[in-house]
Amino acid sequence: GAGTSPPVGPHPTPLTCRIARVASCGAAGGAMDGYGHRDKRQKGVAAAGIQLDDNLTKKADAVVKGLAKRSMAAIFLEPVDWKALNLPDYPKIVKHPMDLGTIQDRLSKGHYVYLEDFADDLRLVWKNAMLFNAADSVYFKNAKQLNDAAEKKLGELEAEGVSQLPALDAPVKCELVLSEIMKHPMAEWFLEPVDHINLGLSDYLNVVPNPMDLSTVQRNLKQDKYSTVESFAADVKLTFDNCVKYNGANSMFGIVAMIVSAVFDRKVQLYLAQGQQHPPRSAQPVPDRDGWPSFSQKKKFYDACTKLNLVDLNSIVKMVHKSCASALQHNGDKEVELDVDNLDMETFNKVFKHAKACMQKEPAS
């Protein structure tokens, strides 16, 4: 089940390493209460998101500069000069041009209030390239690669800024996650039901027997139709899975669906875990998932952590912060918590191997 290790991490700041359950709807750590029983004081309350304060603005600027230094980013540094390039169709297809230079200028002028506003301008750069160029073109592939690099950095900024979010219940946080996903520039094709009749997609319902879209999810949320975070997330995921199923994983729509779906997964893990760092010890373990560490593996890693000294544990924290920052949660100024359930397989293998090496090097006294 769940447990908490002895304090670890850089002295005198302790780090707790635990194996925790997936966040559920209702009060943190309590019985699952249904969306219809949300705190009445929070009825109609909407979390605004992570503000881009001075610290995060500096780090956002560093993200843009880091992306701009990559050779493949050269074509994204300035607005597309479609006239000089003889691309008369460009303004017809790309309705909202964006480039890294403009983003950096906006950062310097304090244009962005929220982290998500900055993130969506970055995403708009990649979306425009994917929309205008074929999926097998170098421009499309470069945009996809830069998107992946950017999202990794954005995840780190979100993990750092999530403590800003107020102590709201799960339904309100689900509304925040959904509102941010619906504003994602690449989500435009998922906002409304697929009009398969007018689009002439006669086979659509044969391939996609359970259609879903983000507006329908939003309506269900407002009508308190979801009793758990998992049921809410399942409908959002169904929206993207349907797109991949019908269009193919290598199509433009399939690739875009997987990009937005990954952002959604990250936000659910981060936002819904915030404020729920201490589930009851009787909580059930997260069921084993394909491509993720099994409960048995996580238990062995947890046991290994209890035998390491502070220096070795601090080195594990640094490794996790570098490659999977969303698995770290800060509980105030004096405690950092590693949620093993949020470690991706690659990071888990690295830290587990490191932990075993530390045990062989210097057995715990």
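1. F348 and F352 sit 4 residues apart in helix α13 (residues 345-361), so about one helical turn separates them. Helices here are DSSP runs of H or I with at least four residues, strands are runs of E with at least two, and both are numbered from the N terminus. The ring centres of F348 and F352 are 5.5 Å apart and the planes stand at 55°, so this pair is tilted. For the cut-offs: rings of Phe, Tyr and Trp (its six-membered ring) pair if their centres lie within 6.5 Å, with planes under 30 degrees apart called stacked, over 60 edge-to-face and the rest tilted.

2. A quick word on what you're looking at. The model is predicted, so local features need pLDDT of at least 70 and side-chain atom pairs count only at pLDDT 80 or more, while totals for chains, interfaces and linings use all residues. Residues are numbered from 1 along each chain as its sequence is written, and side-chain values use heavy atoms, leaving out hydrogens and water.

3. Buried means under 20% relative accessible area, exposed means over 50%, and partly exposed is in between (1.4 Å probe, protein chains only). F352 also has K356 over its face, 4.5 Å from the ring centre. A charge sits over a ring if NZ of Lys or CZ of Arg is within 6 Å of the ring centre and within 35 degrees of the ring normal.

4. What does α13 pack against? Helix α12 (residues 310-323) is one partner: the two axes come within 10 Å and cross at roughly 165°. Axes are lines fitted to C-alpha atoms, for helices over the stretch in contact, and the angles run from 0 to 180 degrees between N-to-C directions. That makes α12 and α13 roughly antiparallel, going by the scheme where under 35 degrees is roughly parallel, over 145 roughly antiparallel, 65 to 115 roughly perpendicular and the rest oblique. The α12 side of the contact is D312, S315, I316, M319, V320 and S323, and the α13 side is T347, K350, V351, H354, A355, C358 and K361. Contact means heavy atoms within 4.5 Å.

5. The crossing of α12 and α13 is right-handed. The convention: left-handed if the near helix is turned anticlockwise from the far one by less than a right angle, right-handed if clockwise. α4 and α10 also make a right-handed crossing.

6. Have a look at that α4 and α10 packing as well. Their axes come within 11 Å and cross at roughly 165°, with α10 covering residues 252-273, so α4 is roughly antiparallel to α10. On the α4 side you'll find E116, R123, M130 and L131, which meet M252, V256, I259, V263, R266 and K267 of α10.

7. Helix α3 (residues 100-108) packs on α4 too, with axes within 10 Å and a crossing of roughly 170°, so this pair is roughly antiparallel. L100, I103, R106 and L107 of α3 meet F118, D121, L122, V125 and W126 of α4.

8. W126 is worth a click for its ring as well. There are 11 aromatic pairs in the count. In one of them, F76 and W126 have ring centres 5.7 Å apart and planes at 85°, so the pair is edge-to-face. F76 lies in the loop between α1 (54-68) and α2 (90-93) and W126 in α4 (residues 115-132), so the pair ties together parts 50 residues apart in sequence. Both F76 and W126 are buried.

9. Two other ring features to check. Y226, F232 and F264 are linked into a cluster by ring pairs. The charged end of K127 sits over the ring of W189, 5.3 Å from its centre.

10. S215, in helix α8 (residues 214-222), is buried at 14% relative accessible area; leaving aside residues up to four places away in sequence, S215 touches M182, L191 and E192. G254 lies in α10 and is buried at 0% relative accessibility. With the same exclusion, G254 touches C243, V244, N247, G248 and A249.

11. Finally, the whole chain. It has 13 helices and 3 strands, and 46% of its 365 residues count as buried. Of the contacts with a separation of 6 or more, 74% come from residues 24 or more positions apart.
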